[in-house]
Amino acid sequence: MKKSFSITLTLVFALIVFVGYAQSNTIKDYHEQYRPQIHFSPKGHWMNDPNGMVYFNETYHLFYQYYPDASVWGPMHWGHATSKDLVHWKELSIALYPDSLGYIFSGSAVVDSSNTSGFGKNGKIPLVAIFTHHDPKGDAAGKTDFETQSIAYSLDNGITWTKYAGNPVLKNPGTRDFRDPKVMWHASQKKWVMSLAVHDHISFYSSGDLKTWNKESDFGSKEGAHGGVWECPDMFSMKLGDKVYWILIVNINPGGPNGGSATQYFLGNFDGSKFTPLDTVTRWLDYGPDEYAGITWSNTGSRKVFLGWMSNWLYANQVPTEIWRSATTLPRELSLVQSTQGVVLASRPISELDEIKTKTTVLQDLTLQGERDFSSMISGTKSQYQLKITVAELKDYTVKLSNSDKEEILIGYDKENDRYYIDRTNSGNSNFHKNFAGRFTAPRLTGKNESDITIVVDKMSVEVFADGGLTTMTAIYFSSKEFSALTILAPKKISIRNVAVTGLGSIWK
Ligand code: FRU
């Protein structure tokens with residue numbers, strides 16, 4: 001009796017020590033050097049594209065290309081994280097594992113509310129994932145049909161998945177690049193529509209049950225940017241006033257406006273079968289070097305929330321974060337806005353970010369010439385904050401974030417070229433790839449005679465939303481220590497309406 005009591009006591013003690021260790025370990029795990037504090041990143045190992053983003057039962061699901069055995073790209077799985085508010089994320093167990101048909105490449109997920117697939121049981125609505133099976137053996141053997149589309153379903157809120165016995169549901173007609181299905185419900189024609197990236201164009205397919213797919217049309221081999229392969233499409237409609245626009249997002253790698261991977265999009269009409277573009281303008285959702293594979297959440301009604309992978313295939317495998325590699329961008333709310341480029345998509349950080357707001361400091365009506373120090377406004381923010389500046393006229397200005405090691409990031413507006421820029425030439429560790437250091441530019445898309453810029457700063461990233469989000473740029477950086485100094489520079493005297501800094505708390509606490 002006495003002996004078993006002392007054994008129990010020892011076991012209880014061991015359990016307390018273990019739980020304490022596991023907890024402290026979890027917290028420590030998200031506070032390494034370079035670890036993003038307001039962006040999702042997996043606790044460990046490799047991540048790339050966001051996948052299967054779907055809102056269901058008051059939960060946002062984020063699946064992602066994941067390799068659990070190393071911090072470089074490898075046999076792809078779907079990792080899984082969920083959030084109630086798009087801000088705080090909980091990493092769950094792996095959702096989809098590679099199998100005899102191949103690795104699990106990118107794709108989407110839908111809520112099959114009417115049980116068109118028949119996967120629903122006992123009144124349970126199925127979540128259906130539509131993804132690419134990439135057969136590495138076929139690839140290595142020089143075949144052309146090694147990418148096919150398959151489906152899986154979940155009846156327990158996306159926690160466990162059953163792959164459909166009839167996979168693949170869409171065979172490959174003989175095209176090496178045949179992947180990344182994004183499926184939406186076409187309400188007026190009561191059918192599912194799949195946008196699929198096929199090398200240099202998008203093919204549209206439709207289905208009544210998610211299992212049998214019929215080809216509708218092709219779009220894009222002569223439209224838009226073609227400096228690389230087309231990947232990860234997304235299509236949805238949005239309104240500007242009373243007018244409905246169809247938006248077709250097409251990621252491209254390489255061939256982005258600042259080198260490597262990037263997200264372009266088209267505006268037009270989709271009649272249930274065919275996409276007809278409005279014009280021949282090549283529009284970019286993010287001009288910076290580090291937003292890729294971005295698409296929107298499904299099942300969010302008229303609200304469209306976009307999220308990308310915050311890296312670039314040029315150097316994604318080499319960035320100096322060995323425990324994990326890559327993070328997502330902030331979720332961004334999209335809206336249609338008139339610009340000097342016609343109608344465009346504007347991006348803004350989601351308003352839910354306010355939940356982690358600490359304090360806001362504002363300075364108003366300043367004039368400035370030369371360099372002025374605003375460092376006290378960011379002291380205590382631990383490198384996570386939102387900085388908003390409204391300049392009352394169009395003249396050159398630069399926001400400089402720097403540290404005592406003379407590392408810096410410059411973000412600003414260049415009047416002569418009428419362009420915004422991020423310059424990370426001297427931002428810290430960049431020797432892992434020759435294209436990492438550099439200056440990246442983007443056009444200004446408003447006719448207004450003023451400039452406003454919102455910069456969301458995190459441990460290893462800056463996201464710039466200029467002119468209400470008409471021009472967006474994302475860049476990562478790897479400084480040796482945090483940028484504790486903030487200055488604004490202007491060669492000619494400028495009037496600044498306001499400078500506001502809002503501190504943001506870590507999402508990993
Ligand atoms: C885009 C991409 C997709 C593919 C996946 C593989 O970054 O190349 O086309 O499905 O990554 O991980």
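Predicted model: local features only at pLDDT ≥ 70, side-chain atom pairs only at ≥ 80, totals over all residues.
**Strand pairings, a buried glycine and the ligand shell**

User: In β26, which residue is the bridge partner of Lys 400?

Analyst: β25 also pairs with strand β26 (residues 408–414), in the antiparallel sense and over six bridges. The hairpin of these two strands has five residues between them, among which Lys 406 takes a positive phi near 60 degrees. Within the pairing, the β26 partner of Lys 400 is Leu 410.

User: Is Gly 158 buried or exposed?

Analyst: Gly 158 sits in the loop between β7 (147–154) and β8 (162–163), and, leaving aside residues up to four places away in sequence, it touches His 61, Phe 63, His 80 and Leu 127. Because its relative accessibility is 0%, Gly 158 counts as buried.

User: In β7, which residue is the bridge partner of Leu 127?

Analyst: β7 belongs to an open sheet of four strands, in the order β5-β6-β7-β8 and with antiparallel pairing, whose edge strands, β5 and β8, each pair on one side only. Strand β6 (residues 127–134) pairs with β7 over eight bridges, and the β7 partner of Leu 127 is Ser 154.

User: What share of the area that the ligand exposes when taken alone does the protein bury?

Analyst: An oxygen atom of the ligand lies 3.0 Å from a polar side-chain atom of Trp 73, while a backbone N or O atom of Ser 106 lies 3.1 Å from a ligand oxygen and a polar side-chain atom of Arg 179 lies 2.7 Å from one. Taken alone the ligand exposes 320 Å², and the share of this that the protein buries is 95%.

User: Which strands each supply at least two residues of the shell around the ligand?

Analyst: The residues surrounding the ligand include Asn 48, Asp 49, Phe 105, Ser 106, Arg 179 and Asp 180, and the shell divides into five nonpolar, three polar and four charged residues. The strands that each supply at least two of its residues are β1 (45–56), β5 (103–111) and β9 (179–186).

Methods
Residues numbered from 1 in each chain as written. Heavy atoms only, no water. Near = heavy atom within 4 Å. Polar contact = N/O pair within 3.5 Å; in protein donor to acceptor, adjacent residues only side chain to side chain. Areas by Shrake-Rupley, 256 points an atom, 1.4 Å probe, with all protein chains shown as cover. Nonpolar A, V, L, I, M, F, W, Y, C, P; charged D, E, K, R; others polar. Buried < 20%, exposed > 50% of the residue type's maximum accessible area, 1.4 Å probe, protein only. Contact = heavy atoms within 4.5 Å. Pairing = 2+ DSSP bridges.
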